[in-house]
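Subject: Structure handover

Hello,

Here is the structure we discussed. My notes on it follow below.

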Amino acid sequence: MTRVHCRYTNDLRCEAEHGPSGAVIRTDNPLDGERDPEAFGPTDLVAASVGTCILTVMGIVARRRGWDLTGSAVDVDKTMASEGPRRIGHLRVAISLPAALDAQQRSLLQRAAETCPVKHNLEQTAEIDLVWL
């Protein structure tokens with residue numbers, strides 16, 4: 001079990017502290033909220049979680065095989081649902097890998113990306129498209 005302690009600080013801002021490391025992140029109201037945000041909104045963190053989870057899972061596979069993934073990148077475009085309760089409706093996840101990787105390495109990394117636990121948790125409520133660049 002991992003505990004994350006969250007607290008409301010003021011003016012639609014919150015902090016979350018990661019129990020094991022003590023690292024702190026701050027959140028603000030969403031882009032379409034009461035004022036211009038100064039930090040990630042809560043649903044922005046979900047988008048960031050998908051991107052970093054995919055990179056981490058691929059990184060584990062690459063590390064075990066001695067491959068260098070330095071320079072790999074993920075851009076996540078988040079769209080909120082236009083109908084029903086406020087929620088994330090679609091995530092477009094554009095993944096870029098180093099050019100030095102061959103087709104077999106890319107294929108294995110693509111399969112690994114599909115195993116991202118954050119992606120699996122969100123697939124029941126949001127459309128998620130992985131786009132390989």
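Contact here means heavy atoms within 4.5 Å. Helices (H or I, at least four residues) and strands (E, at least two) are DSSP runs, numbered from the N terminus. This is a predicted model, in which local features need pLDDT of at least 70, side-chain atom pairs count only at pLDDT 80 or more, and totals for chains, interfaces and linings use all residues. Residues are numbered from 1 along each chain as its sequence is written, and side-chain values use heavy atoms, with hydrogens and water left out.

Helix α1
The 24 residues of α1 should span 34 Å at 1.5 Å a residue, where the expected span is 1.5 Å times one less than the number of residues. The end C-alpha atoms of α1 are 35 Å apart, which agrees. Its buried residues are Ala 47, Val 50, Gly 51, Cys 53, Ile 54, Val 57, Met 58, Val 61 and Ala 62. Buried means under 20% relative accessible area, exposed over 50%, partly exposed in between (1.4 Å probe, protein chains only). The cover over these residues includes β4 (73-80), β5 (88-96), α2, α3 (117-122) and β6 (127-132). Just after α1, Gly 66 has a positive phi of about 75 degrees.

Asn 29 lies in the loop between β3 (24-27) and α1 (42-65). Asn 29 counts as buried because its relative accessible area is 5%. Leaving aside residues up to four places away in sequence, Asn 29 touches Leu 12, Glu 34, Arg 35, Asp 36, Pro 37 and Gly 41.

Gln 105 sits in helix α2 (residues 103-113). Gln 105 is buried because its relative accessibility is 14%. With residues up to four places away in sequence again not counted, Gln 105 touches Trp 67 and Ala 100.

Regards
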